Amino acid sequence: METTAFQKIYTKITQITKATCSLKATGIGYEEIATVNGRLAQVVKIQGDDVTLQIFSGTEGIPTNAEVIFMGKAPSLKVGEELAGRFFNAYGYPIDGGPAVEGKEVEIGGPSVNPVRRKQPSDIIPTGIAGIDLNNTLVTGQKIPFFADPDQPFNQVMAEVALRAKADKIILGGMGLSNDDYLFFKNVFDNAGALDRIISFINTTEDPPVERLLVPDMALTTAEYFAHEKNEKVLVLLTDMTLYADALSIVSNRMDQIPSKDSMPGSLYSDLAKIYEKAVQFPEGGSITIIAVTTLSGGDITHAIPDNTGYITEGQLFLRRDTDIGKVIIDPFRSLSRLKQLVIGKQTREDHPQVMNAAIRIFADAANAKTKLENGFDLNDYDERTLKFAKGYSNDLLAIDVNVDIDAMLDTGWRLFGENFEKAELGIKDELVKKYWPKK
Amino acid sequence: MATKGKVVGIIANLVIVEADGPVSQNEICFIKMPGVDLMAEVIKIIGKKAYTQVFESTRGLKVGTDAEFMSHMLEVTLGPGILSRNYDGLQNDLDKMKGVFLKRGDYTAPLNDDAEWEFTQIAKVGDKVEAGSWLGEVLEGWMPHKIMVPFKFEGNFTVKSIVANGTYKTKDVVAVVTDESGKDHEVTMMQKWPVKVPIKAYNNKPRPFKIMETGVRTMDTLNPLAEGGTGFIPGPFGAGKTVLQHAVSQQAEADMIIVTACGERANEVVEIFTEFPELVDPRTGRKLMERTTIICNTSNMPVAAREASVYTGMTIAEYYRAMGLKVLLLADSTSRWAQALREMSNRMEELPGPDAFPMDLPAIISNFYARAGFVYLNQMKADGKEAESGSITFLGTVSPAGGNLKEPVTESTKKAARCFYALNQDRADSKRYPAIDPIDSYSKYLEYPEIQEYLKKTIAEDWVSNVTLVKDYLLKGKEASEQINILGDDGVPIDYHLKYWKAEVIDFVFLQQDAFDDIDKSTSLERQKFMLAQVLAVYNTDFKFDSFEEVNPYFKSIINTFKQMNYSEYESEKFNGYLKEIETKINERKAV
């Protein structure tokens, strides 16, 4: 960021903490950006002529006579077609060695869409993964996170989903991404020949944590440009939102705010909602779909981060290792896609809702049977059959390596029903059973 | 002279204004940024400094900016034209706003000044009137909308003049009333009222004495919501709070529904925007939107306006109640409102209560719930003997952090609301929707003698005792299931299996309901009565089984046939066919 003529330079810092510094200045706008010895900072508090700045990269080595220059504007990004295929850091500066992008300058974190101007999401996003398409169907304009423990292959599944989703643009917002994962995404997209559709804003573990706070806004401002102005279908990948929330708590802690549950700031819900609610279906055809990752600690979804996320997003995808088949599956109990009702049985085959529910119910019965077995009880005939069904269901449908179309998933469902159960055991509408029950 | 001031401090949406004159708590002020005015509410005053919460983003705001105090609290505008509108939390008409994105400081009028209404007199010259008395009515869509003496008018008045029947605009004077000192006051069709003050223009508020049908079996039968009553639905995410509230908003037997989307997902509101103009209210044949008003402050809209949105909804409900209507107010979710309070309390550096919520949270919540209720108005019916009545039934959702019901918002609400519909994660996981826990949930109204009397009269003499029986059976089923899990299938007598499976019949056939099936989604009380009798008949049958292994498949097949029945039109050929099938199945196994 270069300085221009007539900018006032301040050189008297009155207070420095780990993340903020304060000085006396006048005529400063709230949320305005500034540089402190070249480091990017933002106004977070003004009291009289005391201005507090949050320095994104931290205050290490900042002297009390540092040069502070106010930019007179909120953080912004230049948007244009040229963004496609490029890699940027959290500030929107290129990190791929390419030139800076020319285009229209827009403030990041702008206003939200008027709810009456939104369109109801209605386009299915097929991924080929049955645990998603069959049980937790995704729809354009939806926001949904993966809830996963750090050891699970969420980035792989997310990359897979992104590539199969047939989006016009894929925007990757990496927060606290390890360098290895960053390179993984780069390679996968490159190998798929999709690099020209990808735009990345990357904050790796090597970068200061507070910088992460800019990544989602950068990614979503870009997404709004392509979805609203160019009417494109945009898919935004945000990984890992837990590290984003951690950065929020660092800042609020240094601002002396009273923490609420799990040391998170009281505004966590609003902070996360501001990001996720950018997912939208525009009436003109463009859309922003957000797929995020929220890592859990020991599968605990009652922690404030996954908990608040769950209340904001339209469902969640839960990864779990199924020891019976030795594969990672999409857990049908804890996973949910709230928008699936808009498309299943409408854009997919009529038997979709009932097959989905019947299969999950039996899978729940199988889980009970398993508990019984672990407690040393004999299983009855029905229990045995549910266990057989569950194994097939896990392996042929829930496993993340499945890649078939939705009709084939439903046929597999009926095949598994036919192999293990009587018609009356399913509780499915008679008309559907008559039509789809597999012929011997 | 209005008080003016200057901005001296900014911390997110908490803006400190130094005032040059008197300022009152909760007064509205406008902060005059270049080109845009930001609305704010005073929430604390220290000396000359007024701490205000701004209902918008404060990005770019500078110290020294002018502010102007309005000498009134946050108000809503009441008058014909509210029905079927989509408002934000501050009652701005969302449809009137230009552009796809919300613009800061874009305040739009809630009513249409140019709209013309067909006015019909109710009061006559010389009538004694008071605040809330009906002067006349206009037709708002299909709804007779009463034009009342404004609620702000204190004391007794006499009608001095009233316009002839005819067409008038919203701001035209339709009547002049004279107060006791002889002073004349003009009345138009429009009035204003501060949202945080309850409208008390009624005669008395009796205990609720009838129930409000929702079409949801597990609510209507097991834990009915009273007309004028209050209830809340706490539940972890994904347990189906919103689906349940939408079901109630579509089917409930109310004249008017106000849906307050408070800090929730925009797509859920869009669903209402999209579907309500299409869906038909089976009771009236009209489109659902014709009886609905939506207050929408989604989670990404400014936090301070979120707090205002529930009050805006309640005040509009009170306005329509005063017209003698049956209003149902839904708020999803009251936890977001509490969180908005927490964010502000935090910025003001107040000492926090539990989970950093403000200390007065329980008081704020109970004051709010207390505004609901059935009331007899001061207005008498045309015969002059009986008073007109109206009601607000309030149903809120609570989103407990971590699904833990021992958190401050749930606990505070439990003290205030009379119906508790606990959504259970296990039920949701096994797709037993609606996931209302039949054992933990309660309706205090079932214990009201008035309500019991009402149920006996309108449904059946033995209704209340049957409902109690069903609850016992469900509890016995749960106990049996626990025993089976501890001792094993063959470790318990067959009787345990029967108890368990008979309770499962009640659960699957009666409690579970498919909100997405055209027929099953709403069940009339008559049909509920019939179905309850059927499942009770199964429960009271003496069955004969030789081994426990026969029990499971038998009841599965009974449940399956009952489910087909739920999916069929009531008393249709198909329905009766399945009924016959069930009879046959019962007779096959009946102990002689």
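Student: Leaving aside its neighbours within four places in sequence, with which residues is A:Ser178 in contact?

Tutor: The model is predicted: local features need pLDDT of at least 70, side-chain atom pairs count only at pLDDT 80 or more, and totals for chains, interfaces and linings use all residues. Residues are numbered from 1 along each chain as its sequence is written, while chains are lettered from A and ligands numbered from 1 in the order in which they are written. A:Ser178 is found in the loop between β14 (169–177) and α3 (179–191) of chain A, where helices (H or I, at least four residues) and strands (E, at least two) are DSSP runs numbered from the N terminus. With contact defined as C-beta atoms, placed from the backbone, within 7 Å, its partners are A:Thr204 and A:Thr205.

Student: How far apart are the C-alpha atoms of A:Ser178 and A:Thr205?

Tutor: Along the chain, the two residues are 27 residues apart.

Student: Is A:Ser178 buried, exposed or partly exposed?

Tutor: A residue is buried if 20 or more other C-beta atoms (placed from the backbone) lie within 10 Å of its own, exposed if 12 or fewer do, and partly exposed in between. A:Ser178 has 14 other C-beta atoms within 10 Å, so it is partly exposed.

Student: Which strands pair with β16 (233–239) of chain A?

Tutor: Two strands pair if DSSP finds at least two bridges between them. Six bridges join β14(A) to β16(A), which run parallel, and A:Ile170 stands opposite A:Leu235. On β18 (287–295) of chain A, A:Ile288 stands opposite A:Val234. Seven bridges pair β16(A) with β18(A) in the parallel sense, and the partners are therefore, by the two-bridge rule, β14(A) and β18(A).

Student: How many of the residues of β16(A) are buried?

Tutor: A:Lys233, A:Leu235, A:Leu237 and A:Thr239 point one way, and A:Val234, A:Val236 and A:Leu238 point the other way. Both sets are buried. The strand is largely enclosed by the rest of the structure, because the buried count is seven of the seven.

Student: Against which elements do the buried residues of α9 (381–398) of chain A pack?

Tutor: The expected span of a helix is 1.5 Å times one less than its number of residues. The 18 residues of α9(A) should therefore span 26 Å, and the end C-alpha atoms, 24 Å apart, agree with this. Among its buried residues are A:Phe389, A:Tyr393 and A:Leu397. The buried residues of α9(A) pack against, in chain A, α1 (130–133), β19 (315–322), β20 (327–330), α8 (352–374) and α10 (406–420).

Student: Against which elements do the buried residues of α10(A) pack?

Tutor: α10(A) has 15 residues and reaches 21 Å from its first C-alpha to its last, close to the 21 Å expected. Its buried residues include A:Met409, A:Trp414 and A:Phe417. In chain A, they pack against α1, α8, α9 and α11 (430–436).

Student: Which residue in the turn between β11(B) and β12(B) has a positive phi?

Tutor: β11(B) and β12(B) form a hairpin with two residues between them. A positive phi of about 65° belongs to B:Gly141.

Student: Which element supplies the largest share of the side of chain B that touches chain A?

Tutor: The contact takes 63 residues from chain B and 59 residues from chain A. Elements of chain B that each supply at least two residues are β1 (4–11), α3 (266–275), α5 (334–347) and α13 (548–566). The largest share, eight residues, comes from α13(B).

Student: Which residue of β1(B) stands opposite A:Ile46?

Tutor: Two bridges join β5 (39–47) of chain A to β1(B), and these strands run antiparallel. Opposite A:Ile46 stands B:Ile10.

Terms used: Contact = placed C-beta atoms within 7 Å.
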